[in-house]
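Dear colleague,

Please find below the structure that I am handing over to you. My notes on it follow.

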Amino acid sequence: MPLSPIQPPEESQAPAPHVPLALRLPFDPVLALATIGLGICSIVTLAGATAKDIPGDPHYYSDRQGIYLGVGLVAMFVFARIDYARLRSYKNAVYGALLLSILAVLGLGHSAKGATRAINLPLFSFQASELGKVLLILALAALVVDRARDLRSRDTTVRVMIAALVPALFVVAQPDLGSGLVYMAIAFMMLFVAGTSWRHLSALVALVLASAVFVLAAAPAAGVHVLQPFQVQRLTAFLHPSSNPQKQGYQQQESKIAIGSGQKTGRGENSNQTSNGFLPESHTDFIFAAVGERYGFVGAGLVLLLYALLISRALRVLVMAKDLFGSLIAAGVTAMLMFQVFVNVGMTIGIMPIAGVTLPLMSYGGSSVISTMLAIGLLQSIWVQARASAALKGRVLRH
Amino acid sequence: MSAIEPVRPRDPRLPVPPGMAMRVAIIGFVAIAFFAVIFFRLWYLQVLSGEQYVHLANTNQRRDLPIPAPRGEMLDREGKPVVDDRTANAVQIVPSALPEAAVITAQAALYQKHLVEAAEAHHAAGVALNVFRATHPGQADHRELERLQAAAARLPTVPVPPLPASAVHVRRLLTRLGGVLAMRPRTIDERVVRGMTALVYAPVTIRTDAGLGVRTYLGERGNEFPGVLQQPISLREYPYGEMAAQVIGHVDQISGEELKLKAFHGVEQGTIVGQEGLEYYYDRYLRGKPGVSKVEVNAEGYAVPDALKPSPPQAGRSLKLTLSLPLQKESEKALLEGIDHARAGNKPAVAGAFVALDPRNGSVLSIGSYPSFNPNRFSKPLTKAEYKELEGSGSAPGHLVDRAVNGQYPTGSTFKPITAMAALEAGVMSPEEGLGAGKCIAVSTQKFCNAGEAEYGAVGLVQALKVSSDTYFFEVGERANAHGPIIQRMAHKLGVGEETGIDLPSEFPGVIPDKEWREEQNKAELKCEREEHVPNCGIVEEPTGTWTVGNNMNLAVGQGELLTDPLQMAVAYSTLSNAFVNGGTGAVVRPHLGAEIDEPTGGLVQSLDYPPRRKVHLNYNDLSLVMQGLHEAASSTGGTSAEVWAGWDQSADPVYGKTGTAQHTGREDQSWYLCYIGDPKHPLVIAVTVEEGGFGAETAAPIARLIASEYYGKSKKFVAGSSQTL
C-alpha cells in the first residue's frame, strides 16, 4: 500500500537520496480518481439526457460541462501545490471577498426563474454563492484557529455561527436557500470537529429546529413570510407528494418515476422521463434522476460509491492534516460534500425536501463544478502538506 | 529504524482538540448511515418497485394541453343574449407532422439560438449600464449612458430566419395553405416557428377564425394538407357592437400584472379574462374552467393528436343583467337623436351619457355613454393610433370612458332639489317666503344673475323650482352658508359625492366642495408648488383664498366646484322618490347591473343581491313641496320642461323632472335632465346629460322623454323645450 497516507512512511527506511513517493506525486491519487470518475459520470449522463434539450446542438450541455470540469481539474492541481497554511493570513480578505461577491450578485445580478443568483460574465454566469462555500470554509477555519485556546467557550461558538449566518442570510435573500443551508452546515461541522461542547451543539440543533418550525409554520400563519412561498412549498412538498401533482410535488413524483423506471440496469436510450422534458432541471438539480433512469441501480450505485470514496477520503484528510487549520478546512469541505450529496440525492428519491442544492461535480454548471474542484484542491493541498511534513520529520528524526 | 521511538507523524503546532478522533468517527457513522438509507431506498425504488415505475413512465409520455373554456354569456333581464360566444374554427399546424419536419425544427432551433443571443446581448447591455453607472456617478446626461440605457431598455425583436429554399414540399404546402387562408406563406412559417419556440409540444394556431368556407375546403381535403388541423374554439362576440360597450367591457389574454392579483388566483397563463366593465367585475363567474387534452409525445418529443379522452372544459356561467335590451337600444338611439338635434342647432354636442334605473331597488335598466366603441375590435391587437383614437385627447372625447359613472361634471339646476331640501330642513327659509326678486343678486363685489338676466320676481319654493329661478337659489345658498355645510350634508345624505357601489370596476367618487375641502385643496396646491418649484400646479388658482359665501351660492345652483356624474344624480333622485312614496323614509339604493348568475344551460346558481346602502329620513312636508315643484316644472305651463312632456299622460305616469344647464368657461353649456316618473307599478328615474349640448330643456329633456316613452310603451316624439334656464 505505498499510496496510503496513513501508513508509517516506508520511505523512511529507504536510503537518504530516495525521494518519497508523496513528494513525487503531488496529489492524493485516490481523491483525484474519485473526482475524475464523477466528472466522467457527469459528462456521460449529460450527453445522453440532454441530447434533445437544445434542438440542433445535442452536445451543448456535455461540451460545456467538459470545459468546466477541465478548468476545475487544472484549478484543483494548482491548489494542490499551494500550501494552504499560507491562506490563513488572508482570512479577512477572503471573508470580505465572500460578502462582496454575494452583495454584488444582489446588486448587479442577472435573474433567472425569479431568483437573482448570478452575474453574467463573458464565458459563463458567475454564481457567487457557490464560490462562497469555499471562501467561507477558509474564513471560518481561520477564525476557529485564531480562537484555538478558547474553543469550548460560548463566545467562539457564537462568533463562528454569526460569521456563517451573515453570508447565509444574503444568499437566502437571492433567493438561494440551498446554499444558505450549506453555509450553516459547514459552520456546524467545523464547530463539531473543533471540539465545541456538546451543550452548545445541542443548543444549536434545538435552535435550528425551532427556527424551522417558525419559518415554515408559525410565521406564515401569522402572515410574515420569511421565505418566498415557493420555497416553503418546495420544502414541505415531499411530506405530501400526491396532494398536488401538477405543482411542487410534481417534480419529486416525476423524479421517483424516472429513477424507479431505471430498474436494475437502466433504460439507456429508451429513457423518456428525463430526456423528454417531463422532469424539469434534469441536467442540474435533478441529474441523479437522469443517472437512475438511464443507468439503473448499477449506475446510481456506482455514482454513490464514488461519492462514498470521495467523502471517506475527505475524512481521511481531516484526520491526517498536519495542523488544526488543515483539519478544519477538511471538515468544512466534508460538510459541504456530505450535505449536498445527501440532500440532493435524498430529494431525487423523495426522502428529503427540495432545497435547491446541486449534486457536487455531477450537476451541470460552471460555478458549482469549479467551486467543488477548488474545495477538493484544498483537500489535496492538506494531503500533500501532511505527507511532506511527515516525511520531513521522519528524516530529521533519523539523523 | 533508529533506536528512538517512532514518532507520531503529526505536527502538534496547535493543539488538536481532544476527542476529535471520536467526533470524526461519529461523522463517519452518520455518512455510512445516510449511504445505507439511500441504497435501500434506491433498491426499493428501482429493484423492488421498478416495474410499477416503468409502467408509470410509459403512461407518462403524455403532455397536458389546455382546452379553453367557453365564456359565460351575458343576458338581459328577459334572458336575451347581450354578449355571447361564437364557435369559430381555428386552423392549426402540428409541426412534427409537416413534410420535411426536420427543416422546420432546424429553423426553429436557429430562431431560438438568435433569441438567446439577443437576450444575452440585452443582458450584457444591462450589466454594462450598471457598471457605467457605478464608474461614472452623477453623469445623468452622458451620451454613452443614453446609448446604454436605450440598449438595455428593451429586448430587440428577433426576425424568424428564412425557410431554406431546399424545403420544396413545405414551401409548396405553405403556399397552398396561404392561398386558402389568404395569408402570405412567410407569415404562416413565422407563426409556426414562433409557436414552436413558445410551447414545444402544442399545435400552433395559424388562424383563429378561418370561416365556414375554409372549414369545408380543408375538411374535404385533409390528406392534401398533412400536418394541418382544424379545431373548434370559442370566440367572444358582442352582437350589439357599441351598445353599452363601456359597461360591458371586453376580454383579452390575462396580463402579467393580472396573474398576480388575488381576483385571478388559479388562472393559467394564456387564459382569456375580462378587461374592464362587467366582463372584469364578474370574471370569476364568466371565465369557466379550462379542460385538458392529453397528447402523446413521440420519440422526437413532438405531440401527435391521439385518441386519449380529453377532460372537457367547464363552460363559464351566464350573467343575467338588470338591463332591458329593448330599452337599452332605444335609450342609445334617443341619445344619438338628441345629439343630432343639438348639432343641427349648431351645438357641438361632443359627448353624452344616460342612465335609467328602477328607484326602488337600484336595478339599472339602461345605461350608456357616447362616444362609444365596438368591443369586437379588441379581439385583434389594436395599433397605437387606433388605441389613441379610442382614448381621445384634447378636444376629441375619449371613447373608453363611461361618462355615466366616470364623468366629472357640475350638474346645473338639477342640483336645486337637493339645495331646497337642505334649506327647508334647516329652516333657512319658509316655503312660502318670496325670494330672488330682480335680475341679479349682489354679494359684496360679485353679481349672481339669472340666465339671460330673466326676472321671475320674488317667488316661493314651488314656483322657484318650476321656473328654475337662479336668484332664488342664490339667495338660499347665501343664507345657507351661515348654517354651515347643510347643502353638502344633504347631497351626501341622498347619495351624491360618494361612490354608489355599482358593480363595475371603477367609478368616480365625486366632489361636493365645502370649507374643509377648500382648505385641503389649498394645502395640496401649496405643497405641490413647494415640491415641484412651479408657480402653480393647477389644483387651486389662488391657494390663499378661503371658502366664500359665493362658493356656497354657486353650489346651490349646481355650479362652482361641484363634480358628480349622472349615476350619482340618479341615485339622489331615487332617494327623494323613495322617501316621497314612503312618508319621508327612503332607501339610498345601490345601483347594479348584475341580477343573477345562471348555469350555462339556464338553471339559477345564485341571485345577486344588492340591498340599499342605507335608509334616510326626510321631512315629508318639505319633501312634498319639493316634489310638487319638480312635478309642476314638468307638467304645468311655464315649467322648464313642461313643453317637452306635452301630451304625456301625467295622471297615470306623473313626471317629476328638473332641467339643468351646467356652464363651462370657453365651452358650450352642458345639457342635463333628471326625472322621476311616479308610475305606481313601474317607477323610473332617468338621468341624461349631453356635453356642449345647450340648455337642459332643448337637448337632455327630450332624450329623457324618448327613453320614458319606450319604457311605458308611448309613442315617441322628440320635443325640444324652449326654456332657457340654467
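How many contacts beyond four places in sequence does the model have for residues 241–247 of chain A, where pLDDT stays under 50? The model has nine such contacts for residues 241–247 of chain A. Here pLDDT is the predictor's confidence in each residue, from 0 to 100, and two residues are in contact if their C-beta atoms, placed from the backbone, lie within 7 Å.

This is a predicted model, in which local features need pLDDT of at least 70, side-chain atom pairs count only at pLDDT 80 or more, and totals for chains, interfaces and linings use all residues. Residues are numbered from 1 along each chain as its sequence is written, while chains are lettered from A and ligands numbered from 1 in the order in which they are written.

Confidence

The predictor assigns the complex an ipTM of 0.88 and a pTM of 0.59. Chain A has an average pLDDT of 83, with 80% of its residues scoring at least 70. Within chain A, the lowest mean pLDDT among the elements (55) belongs to helix α1 (residues 21–24), and the highest (95) to helix α12 (residues 324–348). Helices (H or I, at least four residues) and strands (E, at least two) are DSSP runs, numbered from the N terminus. For chain B the mean pLDDT is 86, and 93% of the residues reach 70 or more. Residues 1–12 of chain B have a pLDDT below 50, and this stretch has 13 contacts in the model beyond near neighbours in sequence.

Helix pairs

Two packed helices are described by the angle between their axes and the distance between the axes. Axes are lines fitted to C-alpha atoms, for helices over the stretch in contact, and angles run from 0 to 180 degrees between N-to-C directions.

Helix α11 (residues 287–320) of chain A and helix α1 (residues 20–48) of chain B have axes that come within 11 Å and cross at roughly 180°. The helices α11(A) and α1(B) are therefore roughly antiparallel (angles under 35 degrees count as roughly parallel, over 145 as roughly antiparallel, 65 to 115 as roughly perpendicular and the rest as oblique). Among the residues that meet are A:Phe297 and A:Leu304 in α11(A), and B:Phe35 and B:Trp43 in α1(B). The contact of α11(A) with α1(B) has 18 nonpolar, four polar and no charged residues (Ala, Val, Leu, Ile, Met, Phe, Trp, Tyr, Cys and Pro count as nonpolar, Asp, Glu, Lys and Arg as charged, and the others, Gly among them, as polar).

In chain B, the axes of helix α3 (residues 101–135) and helix α4 (residues 143–153) come within 8 Å and cross at roughly 145°. Their contact includes B:His122 and B:Phe132 of α3(B), and B:Glu144 and B:Leu148 of α4(B).

A sheet in chain B

Five strands of chain B form an open sheet in the order β12-β11-β21-β20-β19, with antiparallel pairing; two strands pair if DSSP finds at least two bridges between them. The edges are β12 (364–370) and β19 (655–664) of chain B, each with a single partner strand, so one side of each has no neighbour in the sheet. Nine bridges join β19(B) to strand β20 (residues 667–677) of chain B; B:Ala662 has B:Gln670 in β20(B) as its bridge partner.

Two local details

The peptide bond from B:Tyr370 to B:Pro371 is cis, with omega near 0°. B:Pro371 lies in the loop between β12 and α13 (384–391) of chain B.

Yours sincerely
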